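Trainee: I am new to this one. Please show it to me, then let me ask about it.

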Amino acid sequence: MKVADNINPNIYEKGSAREISKTDLDEDLKDDFDQREIFDIIRNICDPEHPLTLEELRVVEENNIVIDNKNNTVHVYFTPTIPHCSMATLIGLSIRVQLLRALPSRFKVSVEVTEGTHVSEHAVNKQLADKERIAAALENNNLVQIINQCVKSV
């Protein structure tokens, strides 16, 4: 059994739920996605090593999301809990999978480690940007099961 890299992570309080307005419920109204909507899609992804969410560990934060509705792009920067986190690629893959499942197909999704927060950030970012590697990873049933466990409560 693998021992967790960060056996005693800092845990932060979850933010409040988004207030739902009348316009949010109006199916006929075309509205753009915003940072908060994207954050709400990924905030409850579970960390692969802890029974905590990425929000509770501050791996994802609303202000680290860049969305461009005009060009249909979403870019998420995430911050591993420790600089040598061996689960960084898996976390990034879970974020990417959850967004691809939840967003309309017109969106191009990219996920990266926040600059300066991981010792292998360039290697992790290269893996997360490589469509062929992602496709191969998603053909691995064991890996898909782990990702599904991470995103199951979302």
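**Helices and sheet**

Trainee: At roughly what angle do the axes of helix α2 and α3 cross?
Mentor: Helix α2 covers residues 35-42. Its axis and the axis of α3 come within 9 Å. Axes are lines fitted to C-alpha atoms, for helices over the stretch in contact, with angles from 0 to 180 degrees between N-to-C directions. The two cross at roughly 115 degrees.

Trainee: What pLDDT do local features need here?
Mentor: Residues are numbered from 1 along each chain as its sequence is written, and side-chain values use heavy atoms, leaving out hydrogens and water. The model is predicted: totals for chains, interfaces and linings use all residues, side-chain atom pairs count only at pLDDT 80 or more, and local features need at least 70.

Trainee: Which residues of α3 do Ile38, Ile41 and Ile42 meet?
Mentor: Those three isoleucines sit in α2. Contact means heavy atoms within 4.5 Å. Across from them in α3 are Ile95, Gln98, Leu99 and Ala102.

Trainee: How are α3 and α6 placed relative to each other: roughly parallel or roughly perpendicular?
Mentor: α3 holds residues 88-102 and α6 holds residues 141-151. Their axes are 10 Å apart, at an angle of about 70 degrees. Under 35 degrees counts as roughly parallel, over 145 as roughly antiparallel, 65 to 115 as roughly perpendicular and the rest as oblique. α3 and α6 are therefore roughly perpendicular.

Trainee: Which α6 residues take part in the contact with α3?
Mentor: Start on the α3 side: Leu90, Leu93, Ser94, Val97, Gln98 and Arg101. In α6 they meet Leu143, Ile146, Ile147, Asn148, Cys150 and Val151.

Trainee: At roughly what angle do α3 and α4 cross?
Mentor: Look at the contact: Ala88, Thr89, Gly92, Leu93 and Arg96 in α3 meet Val124, Gln127 and Leu128 in α4. The axes come within 10 Å. They cross at roughly 35 degrees.

Trainee: Now the strands. Which residue in β2 is the bridge partner of Ile67?
Mentor: β1 (residues 65-68) and β2 (residues 73-78) run antiparallel, joined by four bridges. Strands pair if DSSP finds at least two bridges between them. The partner of Ile67 is Val74.

Trainee: Which turn residue of the β1 and β2 hairpin has a positive phi?
Mentor: Four residues lie between the two strands. Look there for a phi of about 55 degrees: that residue is Asn72.

Trainee: Which residue in β3 is the bridge partner of Phe78?
Mentor: β3 covers residues 108-113. β2 and β3 pair in the parallel sense over six bridges. The partner of Phe78 is Val113.

Trainee: Which strands stand at the edges of the sheet?
Mentor: The sheet is open, with mixed pairing and the order β1-β2-β3. Each edge strand has a single partner, so one side is left without a neighbour in the sheet. The edge strands are β1 and β3.

Trainee: Which helix touches β2 and β3?
Mentor: α2 lies across β1 and β2, at about 125 degrees to β1. Helices are DSSP runs (H or I, at least four residues), as are strands (E, at least two), numbered from the N terminus. The helix we want has residues 121-129 and makes about 165 degrees with the direction of β3. It is α4.
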